[in-house]
Amino acid sequence: MSNLQLIIGREYWTRVKKKSFIIVSLLAPIGMVVLMLMPTLIAMFGSSEDNNIAVVDRTDCYSQYLKNTDSMRFFFLPSDTPEDSLRNTFEGMGFDAYMYINGSPDVKDNIRIYSHTIMTMETEMAIRSYFNDALRQKYLSEYEGHSSQIDSLFARVNSAHAEIASVNISDSDVDKESSAAVGMIVASVSMFLIYMFVLMSGSMVMNSVMDEKTNRIVEIIVSSVRPFDMMMGKIIGIALMMLTQIAIWVVLSLVIMVAASMFIGPQVVDVSSVAGMEQSQEALAQVTDNGEIANFLQYFKSINIFQILTLFIVYFVCGYLLYASLFACIGSVIDSPQDSQQFVLPLTIPIIVALYIAIYALQNPSGDIAFWGSLFPFTSPIVMMARLPFSVPVWQIVLSIAILIASFVFTIWFAGRVYRVGILMYGKKPSMKEIIKWFRQSD
């Protein structure tokens with residue numbers, strides 16, 4: 001046990017003290033927060049050009065709908081201003097563009113904007129929205145005397161929102177309102193964390209074993225430490241290092257987000273000025289609505305967070321031990337990264353397949369594919385996390401964990417037997433037949 005503790009401490013501290021670990025731990029949260037806040041930062045500090053637009057309204061009907069903004073101002077010229085003279089003098093008069101309104105906006109070429117540079121999408125969409133408002137008023141005016149009722153009808157139609165309560169029936173006779181969207185968010189975060197952690201840490205274990213084998217350091221270590229202790233020390237030490245890094249990321253991200261929110265304040269990006277973002281505008285309005293936030297928090301409380309966190313840790317640890325032991329086994333039988341492809345591919349395929357099954361499970365958590373995927377040990381850590389927020393039967397959870405524990409115990413035993421021989425073998429890439437032979441060798 002003392003040797004195992006020494007190896008765990010060595011694997012942990014040698015990695016935590018590296019400059020690369022410190023840099024990545026500090027900069028990754030900053031990078032993630034900056035990416036999240038980039039639209040707001042661009043809106044705050046990005047310089048927007050002022051557009052001065054001369055308007056000649058020959059209909060005398062539409063000028064009233066053109067509203068000045070911080071980045072766009074309209075200047076109305078007499079309706080008899082000749083176009084030929086304005087074409088040559090508008091820039092000298094301080095205008096960036098000029099507009100002629102010759103008729104109703106629903107007829108092509110009745111409204112034309114002239115400039116030496118292409119108009120920005122923001123400017124074009126804003127002007128288009130002004131004339132859309134003018135057209136709406138024109139169509140409504142055809143129903144003289146009923147315009148107020150029509151305005152009220154349109155307001156009701158545009159604000160229509162169906163409220164559907166989804167109630168989760170429990171055995172304790174305490175029904176709770178639930179939300180599929182909140183469940184999907186919790187499931188997605190959980191399964192992607194396990195997916196990323198298993199891939200990153202597994203590769204790290206394999207490279208660590210392979211480096212020590214290539215440098216012949218392992219020959220000295222195994223003279224005083226059992227190979228199995230050395231393998232488990234690497235697996236546990238790297239796991240602790242990854243957990244430390246994740247904890248740092250979480251804490252720093254929260255601190256940076258709080259500091260950024262205090263600095264930025266209630267600034268919000270004006271998504272309505274971007275083409276094709278009408279749906280985003282509606283989503284933003286819903287998110288910022290206090291009632292929706294309260295409902296979200298209420299739905300979040302309806303999920304059994306304690307159960308999900310507990311099972312997340314169980315699947316997190318068991319899944320890591322299952323894959324890390326096999327990655328350590330691979331590192332012990334190869335001498336170079338080029339030789340790893342033959343053995344790593346069969347391990348990465350189940351992880352990728354698990355992610356696809358988990359995405360399917362978000363839509364149909366009780367389906368046959370999701371059920372069997374949550375029992376198969378090489379996919380269950382990811383797939384089961386996608387199903388948990390949607391009330392998985394207890395017997396399925398117990399069976400899944402039992403199979404997973406039995407599987408990682410076997411893989412650790414198998415990897416340990418191969419590791420003790422392969423770690424001292426050099427100069428040849430072994431075949432699967434030779435690896436099985438190493439496994440069958442007695443102590």
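This is a predicted model: local features need pLDDT of at least 70, side-chain atom pairs count only at pLDDT 80 or more; totals for chains, interfaces and linings use all residues.
Residues are numbered from 1 along each chain as its sequence is written, and side-chain values use heavy atoms, with hydrogens and water left out.

The protein chain has 16 helices and six strands; helices (H or I, at least four residues) and strands (E, at least two) are DSSP runs, numbered from the N terminus. Of the 443 residues, 38% are buried, where buried means under 20% relative accessible area, exposed means over 50%, and partly exposed lies in between (1.4 Å probe, protein chains only). The chain exposes about 26,000 Å², and carbon and sulfur atoms supply 63% of that area. Accessible areas come from the Shrake-Rupley method with a 1.4 Å probe; for residues, only the protein chains shown count as cover. Among contacts between residues at least 6 apart in sequence, 70% join residues at least 24 apart, a contact being heavy atoms within 4.5 Å.

A nonpolar core is a set of buried Ala, Val, Leu, Ile, Met, Phe, Trp, Tyr and Cys residues joined through side-chain atoms within 4.5 Å. The largest one has 75 residues, and Tyr315 and Tyr320 have the most contacts inside it. Helices that each supply at least two residues of this core include α1 (2-16), α6 (180-214), α8 (227-264), α11 and α12 (341-363). The largest share, 17 residues, comes from α11. A second, separate core of 13 residues includes Tyr62, Leu66, Ala97 and Tyr130.

Helix α11 covers residues 305-333, and its 29 residues reach 42 Å from first C-alpha to last, close to the 42 Å expected at 1.5 Å a residue. The expected span of a helix is 1.5 Å times one less than its number of residues. Of the 29 residues in α11, 21 are buried. Leaving aside neighbours within four places in sequence, Tyr320 is in contact with residues including Phe197, Val198, Lys234, Ile238 and Tyr315.

Ser190 lies in helix α6 and counts as buried because its relative accessibility is 9%. Beyond its neighbours within four places, Ser190 is in contact with Ile308, Phe312 and Met385. Ser190 and Met384 are 194 residues apart in sequence, but their C-alpha atoms are 9.7 Å apart in space.

The end C-alpha atoms of α12 are 33 Å apart, which agrees with the 33 Å that its 23 residues should span at 1.5 Å a residue. Its buried residues include Phe343, Leu347, Pro350, Ala354 and Leu362. Pro350 and Ala354 are in contact with Thr379, as is Gly373, with neighbours within four places in sequence left aside. Thr379 is in the loop between α13 (368-373) and α14, and it is buried because its relative accessible area is 5%.

Two places at the surface complete the tour. Ile22, Ile23, Leu26, Leu27, Ile30, Val34 and Met38 form a nonpolar patch with about 570 Å² of accessible area together. Val34 is in helix α2 (residues 19-45) and counts as partly exposed because its relative accessibility is 34%. Asp60 lies in the loop between β1 (51-57) and β2 (72-77). Asp60 is exposed because its relative accessible area is 62%, and its phi is near 55°, a positive value in a residue other than glycine. Patches are made of residues with over 30% relative accessible area and no salt bridge; like charges are joined within 9 Å, and nonpolar side chains (Val, Leu, Ile, Met, Phe, Trp, Tyr) within 5 Å. A salt bridge is a side-chain nitrogen of Lys or Arg within 4 Å of a carboxyl oxygen of Asp or Glu.
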